[in-house]
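Me: I'd like to learn how to read a protein model feature by feature. Can you take me through this one?

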Amino acid sequence: MKLFTIIIALFYIISSACASQEPGKFERYQSLSRTIPIELDDSSFEDLTSKPRDYHVAVLLTAAEARYGCILCREFQPEWELISRSWNKGPKPDGLKMLFTTLDFSNGKTTFQKLMLQTAPVLLVFPPTVGPFAKVDDAPIRFDFSGPISADQLYVWINRHLPEGPKPPLIRPINYMRLISAVTIVMGVLTLFTVLSPYVSPVIQNRNLWAAFSLISILLFTSGHMFNHIRKVPYVVGDGKGGISYFAGGFSNQFGMETQIIAAIYAILSFATIALAMKVPRIADSKAQQVAVLIWGTVLFGMYSFLLSVFRAKNGGYPFFLPPF
């Protein structure tokens, strides 16, 4: 009798030890994949999301197969794997358990019908029902994809619904092909620059070229070129008498043709000033120099006179004028 009692006691102790060593649901599913998301079907989805659970579980309901035509599902799949890999490899707070899973439509049609899902992808985050991070409202948190989204954006959303504390950082793997391509392009550009520098350098260092480029840019922007692009102004309009009006009334309005006319006036004034300041003093013949001064001075006077007449045409109350216009 005593021997039988001892055997029963040993059997009970051994059974208890084996039962205590049996892995829990979280450990069992975590062992299926240490990096990429765990692939689910209808039965494993029910088992993993059933109560009680002491872990968070994120389920991406997707339709990645080509026959379903979900381009967004296929495009986001690498981003979802990146999130899972970053979480599983990074340091996590003590006691915080999280599983990243994927349920494809081909393996979970019953689940899709039960959840009444008409579109994919959809992300569901199930909070724990027991343990230190349990929530009173254990309903899954849903994220609907309205368009393309990056792993960084979704990872921020997921962390916002997790308990406070440090989370594993999202780490993208190094794209060696892009790095090699960038280095190759840089080396090619440097080689091309080295070969062409004797020919290109004089052009780049040409003061007259930079002066012309600067002057053209100034004329474009001071004449209202950007105003036309922003406001989408008409090129010209009719004057109501069968003719064409080239200038818009008021200083806050203008036409496309008006901009070109003003730019041409400013260009002539600029060239006349440059000629008087730089070219005329270099003329050796005094009489030719006087003639040049007279010509360019007349051009300046006439252009300023025409410019003031344009101001008066835009606003009749403009007080200044110069003859002959």
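Me: Is glutamate 79 buried or exposed, and why?
Reply: Buried means under 20% relative accessible area, exposed means over 50%, and partly exposed is in between (1.4 Å probe, protein chains only). Glutamate 79 has 17% relative accessibility, so it counts as buried. Keep in mind that this is a predicted model, where local features need pLDDT of at least 70, side-chain atom pairs count only at pLDDT 80 or more, and totals for chains, interfaces and linings use all residues. Residues are numbered from 1 along each chain as its sequence is written, and side-chain values use heavy atoms, with hydrogens and water left out.

Me: Where does glutamate 79 lie, and which residues is it in contact with, leaving aside its neighbours within four places in sequence?
Reply: Helices are DSSP runs of H or I with at least four residues, strands are runs of E with at least two, and both are numbered from the N terminus. Glutamate 79 belongs to helix 4, residues 71-89. Contact means heavy atoms within 4.5 Å. With neighbours within four places in sequence set aside, glutamate 79 is in contact with Ser150, Ala151 and Arg172.

Me: What about lysine 89: buried or exposed?
Reply: Lysine 89 is also found in helix 4. Its relative accessible area is 62%, so lysine 89 is exposed.

Me: And glycine 90: buried or exposed?
Reply: Glycine 90 lies in the loop between helix 4 and strand 3 (98-104). With a relative accessible area of 15%, glycine 90 is buried.

Me: How do I compare distance along the chain with distance in space?
Reply: Take two C-alpha pairs. Glycine 90 and proline 168 are 78 residues apart in sequence, and their C-alpha atoms are 4.7 Å apart in space. Lysine 89 and alanine 139 are 50 residues apart along the chain, with 28 Å separating their C-alpha atoms.

Me: How far apart in space are phenylalanine 227 and leucine 115?
Reply: They are 54 Å apart, C-alpha to C-alpha, and 112 residues apart in sequence. Phenylalanine 227 is found in helix 9, and at 27% relative accessibility it counts as partly exposed. Not counting residues up to four places away in sequence, phenylalanine 227 touches Lys232, Val233, Ser252 and Gln254.

Me: What should I look for in the backbone angles?
Reply: Most residues other than glycine have a negative phi, and most peptide bonds are trans. Now for the exceptions here. Lysine 232 has a positive phi of about 55° although it is not a glycine. You'll find lysine 232 in the loop between helix 9 (225-231) and strand 6 (237-238), and it is exposed, with a relative accessible area of 67%. Methionine 116 has a positive phi too, near 55°. Methionine 116 sits in the loop between helix 5 and strand 4 and counts as exposed at 66% relative accessibility.

Me: Which peptide bonds are cis?
Reply: One of them runs from lysine 51 to proline 52, with omega near -5°. Proline 52 is in the loop between helix 3 (42-49) and strand 2 (56-62). The peptide bond from alanine 120 to proline 121 is cis as well, with omega near 0°. Proline 121 lies in the loop between helix 5 (109-115) and strand 4 (122-126).

Me: Zooming out, what is the radius of gyration of the protein chain?
Reply: The radius of gyration is taken over C-alpha atoms, and the globule rule is 2.2 Å times the number of residues to the power 0.38. A compact globule of 325 residues would come out near 20 Å, but the protein chain has 39 Å. Its C-alpha atoms fill a box of roughly 140 × 60 × 40 Å along the principal axes.

Me: How many helices and strands are there, and what are the domains?
Reply: The protein chain has 11 helices and 7 strands. Domain bounds come from an automatic or database domain assignment. That assignment gives domain 1 (22-161), domain 2 (174-202) and domain 3 (206-314). The C-alpha centres of domain 2 and domain 3 lie 42 Å apart.

Me: What share of the residues is buried?
Reply: Buried residues make up 30% of the 325 residues in the protein chain. As for contacts between residues at least 6 apart in sequence, 62% join residues at least 24 apart.
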